[in-house]
Amino acid sequence: MMARPVYTFVFVMWLLILAGGGLIVAILGPLSFSESGDLDPILNSGIKVAIALLLVTAWVFILSTIKNWIFKKQLKS
Amino acid sequence: MENQIIAAVLVSIVAFFSVFVITPFLIKYLEKRNLVVKDYNRKGGAMVARPGGISIIIGVIASELVLYAFFQSIQILAIVITSSLAFCVGIIDDRRVMSGWFKPVALAFCAIPILLLGAYEPELAFPIFGSVNIPVLYIGLVIFMIPITGNTINSIDVLNGIASGFTSIASFALSGALFVMQNYEIAIASLVLGFVSLAFYRYHKFPSRVFPGDSGVLVFGATYGAIAIVGHVEVIAAVALLPAIMNSFLFLSSMKKIIEHRQIKNPTFLSDDYKLGATHDKDAPITIVRLIVAAKLLTEQEIGFVIFKLGIFSGILAVITAFLMGVRI
């Protein structure tokens, strides 16, 4: 089927959304970088935002790799 | 419940028939005033009326106001105002070619009524795992959401009928997801967008008699984005829109910058038998259409059907996601 790799791409995007959401809600959300509570809450949130941005970068990197693989495969077929 | 069923039926009728009846008159008016553009992919290069966004916004406003008469909800009012502002942005872009940054920035301002009316909940809900409360970050999300959905729908408006057909599929899927989540008022508001885009598809499908223009596609995208925010279904809305998001992602990751669509190199070529194939030009962006025709030449209609099937696939994923919202581990 000609469009199968494109369906795979969409499905992988969906899985990444579910997994990313899970990571943010279950792990990153409740995480605190201040054990004694003396860390500024804004700094604490800033670190979380930075980690979330790293996750987005990883998400984009994975999708870029899949995109290149699909496009090369499509051109070869 | 009876009241909601009556509202759903009535606004669906108003949404569909207002656009269905007004668009032929609009086409005649635009042709009379020579507001036409060439359809390069068509045999003989037919001239097609543009912009059809005028009938789209009339359909959206008329039917959402009928819905407002039923429920007097601030959320519905926010959808109407955001859609109207997006239409103004689009009509400016239809009349004069603006820079690549104009639309994202102007569309960000269209999101402000949602914030001013307080028609949102500052929580981002994810399936299975629950939601996160992000009061400050959510304001940024609202401001980003409308430009993203607007430009995402705009980016797939490349062939006859794709933008309207795809919006229709995504809106009905979102509506289904909202019904699953028992958010009936916003589900009906999403039905409106589905029926407006379906009626417009009647004239936009191959061979197009009218193009929506930026005013039309931005209304599609901004209305969709506003529904996602006020309906508290941001993640589900993104899932239903995945093929279009994928198109934007492919484009941006290959071009590495935001650029006005009229300035980009064509990622496809037209064969002698009027089929589309993928260009070998390395400077041309990778798009969903280029990916679809990379292996085989296809007609415009065939490409449209592939994208619609993808839309149905992601729509099913969106409804599954809505069911997963009720699951907790």
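In which loop of chain B does B:Pro51 lie? B:Pro51 is found in the loop between strand S2 (47-49) and H2 of chain B.

## Model and conventions

This is a predicted model, in which local features need pLDDT of at least 70, side-chain atom pairs count only at pLDDT 80 or more, and totals for chains, interfaces and linings use all residues. Residues are numbered from 1 along each chain as its sequence is written, while chains are lettered from A and ligands numbered from 1 in the order in which they are written.

Helices (H or I, at least four residues) and strands (E, at least two) are DSSP runs, numbered from the N terminus. A residue is buried if 20 or more other C-beta atoms lie within 10 Å of its own, exposed if 12 or fewer, and partly exposed in between, with C-beta atoms placed from the backbone.

Chain A has 2 helices and 0 strands. Of its 77 residues, 13% are buried.

The contact takes 24 residues from chain A and 27 residues from chain B. Two residues are in contact if their C-beta atoms, placed from the backbone, lie within 7 Å. On the side of chain B that touches chain A, two or more residues come from each of S4, helix H10 (234-240), helix H11 (242-255), helix H12 (288-292) and helix H13 (300-324) of chain B. H11(B) gives the most, with 6 residues. That side of chain B divides into 22 nonpolar, 4 polar and 1 charged residues. Here Ala, Val, Leu, Ile, Met, Phe, Trp, Tyr, Cys and Pro count as nonpolar, Asp, Glu, Lys and Arg as charged, and the others, Gly among them, as polar.

## H1(A) against H11(B)

Helix H1 (residues 4-28) of chain A packs with H11(B) at an angle of about 100 degrees, and their axes are 10 Å apart. H1(A) and H11(B) are therefore roughly perpendicular to each other. Axes are lines fitted to C-alpha atoms, for helices over the stretch in contact, and angles run from 0 to 180 degrees between N-to-C directions. Angles under 35 degrees count as roughly parallel, over 145 as roughly antiparallel, 65 to 115 as roughly perpendicular and the rest as oblique.

H1(A) makes the contact with A:Phe9, A:Val10, A:Met13 and A:Trp14, and H11(B) with B:Leu242, B:Pro243 and B:Met246. By class, this contact of H1(A) with H11(B) has 7 nonpolar, no polar and no charged residues.

## H2 and H9 of chain B

Helix H2 (residues 53-71) and helix H9 (residues 213-230) of chain B pack at an angle of about 30 degrees, with axes 7 Å apart. H2(B) and H9(B) are therefore roughly parallel to each other. From H2(B), the contact uses B:Gly53, B:Ile56, B:Ile57 and B:Val60; from H9(B), it uses B:Gly213, B:Ser215, B:Gly216, B:Val219 and B:Thr223. The classes in the contact of H2(B) with H9(B) are 4 nonpolar, 5 polar and no charged residues.

At 1.5 Å a residue, the 19 residues of H2(B) should span 27 Å, and its end C-alpha atoms are 27 Å apart, which agrees. The expected span of a helix is 1.5 Å times one less than its number of residues. Buried residues of H2(B) include B:Ser55, B:Ala62, B:Glu64 and B:Leu67. Among the elements that cover the buried residues of H2(B) are helix H1 (2-32), helix H3 (74-95), helix H8 (184-204) and H9 of chain B. In H9(B), 18 of its 18 residues are buried.

## A hairpin in chain B

Strand S3 (residues 123-126) and strand S4 (residues 130-133) of chain B run antiparallel and are joined by 4 bridges. Two strands pair if DSSP finds at least two bridges between them. B:Glu123 has B:Asn133 in S4(B) as its bridge partner.

The hairpin has 3 residues between the strands, and B:Ile128 takes a positive phi near 70 degrees there. B:Ile128 is partly exposed, with 16 other C-beta atoms within 10 Å.

## Backbone details in the loops of chain B

A cis peptide bond joins B:Arg50 and B:Pro51, with omega about 10 degrees. Another cis peptide bond joins B:Phe206 and B:Pro207, with omega about -10 degrees. B:Pro207 lies in the loop between H8 and H9 of chain B.

B:Gln182 is not a glycine, although it has a positive phi of about 60 degrees. B:Gln182 sits in the loop between helix H7 (162-180) and H8 of chain B, and is exposed, with 8 other C-beta atoms within 10 Å.
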